[in-house]
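Here is a short briefing to read alongside the structure. Have the viewer open, and select residues as you go.

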Amino acid sequence: MNLSSITLKEDLFDIIDENSEIYLRHDRKTGLKAIVAINSYKLGPTLGGCRCVPYVSTFQAMEDALLLARAMTFKAVIAGVPFSGGKAVLIKNEPIQDRKAYFTEYGKFIESLQGKYITAVDSGTDLNDMDIVAEQTKYVSSTSAMGSSPAQYTALGVYNGIKAAVKHKLKTDNLADLHISVQGLGAVGMPLCKMLAEDGVKLTVTDIDKKNLKYCQDSLDVTIVEPTKIFAVKSDVFCPNALGAIINSKTIQQLQVSIIAGAANNQLAEENKDSKHLMEKGILYAPDYVINSGGLIFAANKYLGIETNIIEQQVENIYNTLEKIFVTSTKENTHTHKVANKIALEKLASHDKG
Ligand code: NAI
């Protein structure tokens, strides 16, 4: 069982922000154990992905949902989309027996929230699941009617983010012959690897899912390593696209890269400490909620009926947003996570004022 490895806090209230809300639904028949966390309504109704993965405890799942919802507010304000942060977590410690019934119940739960939270895909859910949800509620984005998965746009955003980081740190626009180590070959990791391979990047990859590994190996020229070995791979960029808290005091010691740039949410186990530690080690860290905002930009704008070419421009703009963060970080000798948070908080404050 792949249990999420987030760090447990002592008191859940420490991570409940002033305007946070949390909703729970348990349906015994289908096994649905759903948590919706709302960070605030500051920027409008909330929007965020629905994660369906195993958890050690309900407490840990609630903590993950609250932290992810908070990150979604920061992500939304930096990406400039008119939604606040929300997140759904479905505790999947047993296989789902009847997916149709399970996501029908989840859809009813979302409908009962009356638009406070708009749901979308995340780890463990796909467009088919959201199609089932859409039969119960209009408060859903990333259905197959939207023509693409947000994950494709997350991958596009991360690809642009890697380019911005490489330009800043390695002073080149050319990714060819760079070596990138990739953790996670799922909905984001796999299309991202395809984009990087097309640019001539040398890839070392890992995943705990043998099926995903085989698909990657059959499609691309890659080197495979065991999941525990990926942190010690000597490469230019480490690209995490699995679960959270994988950058911590233990893994930082093993890293032999110049850049960390990947899609995973909440990558840093201890945000400020780890980001500072990375800067001290000379590793450029692309703040997760900035580099992985492509999926949100897609889901939010599609929900609002905005055209795809405009959405693509906004996703490509992640390059410029990150460049600004990197330049400020260098100029002020401040770690990148702090710079990104400062920009997000300033934008939130200016939103409050006016
Ligand atoms: P996914 O569930 O499709 O893929 C995750 C992959 O990571 C799976 O192949 C899984 O087997 C692998 N994995 C899990 N634990 C691992 C470990 N310890 N070592 C190696 N591989 C491991 O999820 P998806 O959608 O690709 O998302 C990846 C990450 O990016 C997640 O943290 C997600 O929250 C984040 N993210 C995803 C977005 C999206 O649009 N899908 C948007 C923004 C962030």
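This is a predicted model: local features need pLDDT of at least 70, side-chain atom pairs count only at pLDDT 80 or more; totals for chains, interfaces and linings use all residues.

Residues are numbered from 1 along each chain as its sequence is written, and side-chain values use heavy atoms, with hydrogens and water left out.

**Domains and their interface**

- The chain splits into domain 1 (12–66 + 83–147) and domain 2 (151–348), with bounds that come from an automatic or database domain assignment.
- Taken over C-alpha atoms, the centres of domain 1 and domain 2 are 25 Å apart.
- Contact (heavy atoms within 4.5 Å) involves 14 residues of domain 1 and 10 residues of domain 2.
- About 1100 Å² is buried between domain 1 and domain 2, with carbon and sulfur atoms giving 68% of that area; buried area is the accessible area (1.4 Å probe) that two parts lose on being put together, summed over both.
- On the side of domain 1 that touches domain 2 there are 7 nonpolar, 2 polar and 5 charged residues. Here Ala, Val, Leu, Ile, Met, Phe, Trp, Tyr, Cys and Pro count as nonpolar, Asp, Glu, Lys and Arg as charged, and the others, Gly among them, as polar.

**Salt bridges**

- With a side-chain nitrogen of Lys or Arg within 4 Å of a carboxyl oxygen of Asp or Glu as the criterion, the count comes to 12 salt bridges.
- One of them joins R51 and D122, with the closest N and O atoms 3.3 Å apart. R51 sits in strand β3 (residues 46–53) and D122 in the loop between β5 (117–121) and α3 (127–134), so the pair ties together parts 71 residues apart in sequence.
- Both R51 and D122 are buried, where buried means under 20% relative accessible area, exposed over 50%, and partly exposed in between (1.4 Å probe, protein chains only).
- R51 and D122 also belong to a salt-bridge network with D64 and K87.
- R99 and D129 form another salt bridge (2.8 Å, N to O). R99 is partly exposed at 33% relative accessibility, whereas D129 is buried at 2%.
- D173 and K167 meet in a salt bridge as well (3.5 Å, N to O); D173 is exposed at 55% and K167 partly exposed at 32%.

- N333 is exposed, with 61% relative accessibility.
- Leaving aside neighbours within four places in sequence, N333 is in contact with M279 and T328.
- N333 and M279 are 54 residues apart in sequence and 8.9 Å apart in space, C-alpha to C-alpha.

Technical notes
Helices (H or I, at least four residues) and strands (E, at least two) are DSSP runs, numbered from the N terminus.
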